[in-house]
Amino acid sequence: MRRFDCPSCGAELHFDSLCCLACGAEVAFDPADLSIVPLAGRVACSNRQMIGCSWEAGQTGALCRSCEMTQTIPDLRMPGNVERWRRLEDAKRRLVYSLLRLGLPLETAGGNRLRFRFLADAEGPDGTVERVMTGHDNGLVTINVAEADDDRREAMRVEMGEPYRTLLGHCRHEVGHFFFDVLVDEGGERARFEALFGDPDADYGAAIERHYREGAPPDWQERHVSAYATMHPWEDWAETFAHWLHMTDGLDTALRYGLAQGVDPYGGGDPMDALVSAWIPLALAMNAMNRSMGQPDFYPFVLAPAVREKLAFVHDLAHGRGRRRKAA
Ligand SMILES: [Zn+2]
Ligand SMILES: [Zn+2]
Ligand SMILES: [Zn+2]
């Protein structure tokens, strides 16, 4: 993530700033230019008042490039849902920023647009609960809004034995499934995929059942970036894709603050090995910082050689070094 300055006074702003705290100028984020601009003379996203979306929209009354990708928002009559929606859109804008900066296509060649819906579990009159499963289907990403509640997400994280669970992580994982369709399937890369990840057509239902019955194999860290990635080759890809986005944006932020050097993570000119070499000392230092503060590790993962190979595959396809990548 880049650093941003106030266009009026030059004070440092954040990616999601609405207003400069130093001079009071109202600002907006221009998704075409990926920069912060004065709001005066620009059109704000129509979600600015309700959920604090800082992005600029094309015309009055319209949604911005990120908000317009949300097909269904939670029921705002339910207490707490405006705040949940706000948190989900905050995370999603960071995701969309990365996708725009990478120039990745937001639609498959087959015409499936990437879009989102944020849904809540529904309780019927008889007390039965219809659960919303977070997942992806043909470009449509569904996220259960309960993930936006810190207490519920943390309880899920502990219950599932996961070291890391965030809204941004969910966004990055679920779009990973969409980019399987774009980069692997439509990209004609299934053979190379299969050699690294396994058979993408393996029975998914049986894989879920086995994963929740037996858990991950004890030596999973030698081949997978997370225990969840062991469930099915699709999940392995999505977890790897999410990690590649964590590292791409994390390294870019580090560069901007002088914490890393010599790589251009968004540019794609460096091989994945170079990014990993820059990432490891950064992650070690950040983990040590977090431990100094009594916080959980910043990056609670291990990158075994087999995992690095998978990351390199994602990196190469996403930067157009596969056989085919649709123009953005
Ligand atoms: Zn200012
Ligand atoms: Zn917006
Ligand atoms: Zn998944």
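This is a predicted model: local features need pLDDT of at least 70, side-chain atom pairs count only at pLDDT 80 or more; totals for chains, interfaces and linings use all residues.
How many bridges join strand S3 to strand S4, and in which direction do the strands run? The answer is given under the first heading below.

Residues are numbered from 1 along each chain as its sequence is written, chains are lettered from A and ligands numbered from 1 in the order in which they are written, and side-chain values use heavy atoms, with hydrogens and water left out.

Strand S3 (residues 27-30) and strand S4 (residues 35-38) run antiparallel and are joined by four bridges. Two strands pair if DSSP finds at least two bridges between them; strands (E, at least two residues) and helices (H or I, at least four residues) are DSSP runs, numbered from the N terminus. Ala-28 stands opposite Val-37 in S4, and Asp-30 stands opposite Ser-35. The hairpin has four residues between its strands, and Leu-34 takes a positive phi near 55°.

Both faces of S3 are covered, with Val-27 and Phe-29 buried on one side and Ala-28 and Asp-30 buried on the other. Buried means under 20% relative accessible area, exposed over 50%, and partly exposed in between (1.4 Å probe, protein chains only).

## The zinc site

Three residues coordinate the zinc ion (ligand 3) at 2.0 to 2.1 Å: His-173 (NE2), His-177 (NE2) and Glu-235 (OE). Their spacing in sequence is H-x3-H-x57-E. His-173 belongs to helix H4 (residues 167-185) and Glu-235 to helix H7 (residues 233-256), so the pair ties together parts that are 62 residues apart in sequence. Both His-173 and Glu-235 are buried.

Donors are N, O and S atoms within 2.8 Å of the metal (3.2 Å for Na, K and Ca); water is not among the atoms, so sites may look incomplete.

## Aromatic pairs

The structure holds 25 aromatic pairs. In Phe-180 and Phe-193 the ring centres are 5.0 Å apart and the planes stand at 75°, so this pair is edge-to-face. Rings of Phe, Tyr and Trp (its six-membered ring) pair if their centres lie within 6.5 Å; planes under 30 degrees apart count as stacked, over 60 as edge-to-face and the rest as tilted. The pair links distant parts of the chain, with Phe-180 in helix H4 and Phe-193 in helix H5, 13 residues apart. Phe-180 counts as buried at 4% relative accessibility, and Phe-193 is buried at 0%.

Phe-193 also pairs with Phe-197, and these rings are stacked, 4.7 Å centre to centre with 10° between the planes. The two residues are four apart in helix H5, about one helical turn. One aromatic cluster includes Phe-180, Phe-193, Phe-197, Trp-237 and Phe-313 among its members.

## Helix H9

Helix H9 (residues 305-318) has 14 residues and reaches 20 Å from its first C-alpha to its last, close to the 20 Å expected at 1.5 Å a residue. The expected span is 1.5 Å times one less than the number of residues. Buried residues of H9 include Val-307, Leu-311, Phe-313 and Leu-317. The elements that cover the buried residues of H9 include H4, H5 (190-197), H7 and H8 (272-292). Just after H9, Gly-320 takes a positive phi of about 80°.

Conventions: Contact means heavy atoms within 4.5 Å.
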